[in-house]
Amino acid sequence: ANFGVTTNSAVFIRFDGGTGNDNINITADSTLSTSSLDARAILGAGTNAFKLLVDGTLTGTPSSIICNVDGGKNDDTALFQLTNNISERCFVVLNASLGLGNDTARCELDTGSFDMFNSGTSITAGQLAVDFRGEDGNDTLAVTREFNGVLSGTGCQLDGPLDIRLSGGIG
């Protein structure tokens with residue numbers, strides 16, 4: 001699924017992977033203004049890959065992205081890439097519960113262009129919450145400023161809450 005400028009809208013995406021080896025790609029490549037994206041993926045029994053690329057600014061009062069990924073019993077990958085701003089009163093929540101297998105969950109922040117900020121006129125700054133649970137297996141869980149395998153930027157403005165929870169399981 002790929003969508004551009006979204007204004008005063010709600011986008012819901014649901015995916016149930018079943019037994020095959022699936023690749024799911026969601027790209028928000030422009031501004032979300034006073035809008036929301038709610039994505040839910042159940043990866044199923046195969047070896048699956050999920051990717052969410054947010055390449056646009058979240059702006060408006062409020063705009064949000066909530067993404068939940070549930071893994072299956074094989075080796076799954078969940079990749080979340082953020083390249084732009086989360087403005088005041090906007091939030092992004094990324095959850096991955098990967099299940100069995102040797103799984104990977106990564107949140108990549110392009111710190112050359114990613115910021116969470118408060119313009120100074122709002123008491124509620126932009127927010128990012130990441131909750132990755134590895135469960136059974138030898139899992140890799142990370143939040144990084146390595147974007148597409150390359151160290152990006154020199155840093156970013158974090159003028160808002162950044163909540164990171166990485167929980168391994170048995171393995």
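Buried here means under 20% relative accessible area, with exposed over 50% and partly exposed in between (1.4 Å probe, protein chains only). The model you have open is predicted, so local features need pLDDT of at least 70, side-chain atom pairs count only at pLDDT 80 or more, and totals for chains, interfaces and linings use all residues. Residues are numbered from 1 along each chain as its sequence is written, and side-chain values use heavy atoms, leaving out hydrogens and water.

Next, select β7 (residues 49-54) and β10 (residues 77-82): they run parallel and are joined by six bridges. Val54 stands opposite Leu82 in β10.

Now show the aromatic side chains. Rings of Phe, Tyr and Trp (its six-membered ring) pair if their centres lie within 6.5 Å; planes under 30 degrees apart count as stacked, over 60 as edge-to-face and the rest as tilted. The whole structure holds two such pairs. Phe50 and Phe80 are tilted, because their planes meet at 50°, with ring centres 5.8 Å apart. Phe50 sits in β7 and Phe80 in β10, so this pair ties together parts 30 residues apart in sequence. Phe50 is buried at 2% relative accessibility, and Phe80 is buried at 0%.

Phe132 belongs to β15 (residues 127-135), so its pairing with Phe80 of β10 links parts 52 residues apart in sequence. Select Phe50, Phe80 and Phe132 together to view one aromatic cluster.

How values were computed: Pairing = 2+ DSSP bridges. Helix = DSSP H or I, 4+ residues; strand = E, 2+ residues; numbered from the N terminus.
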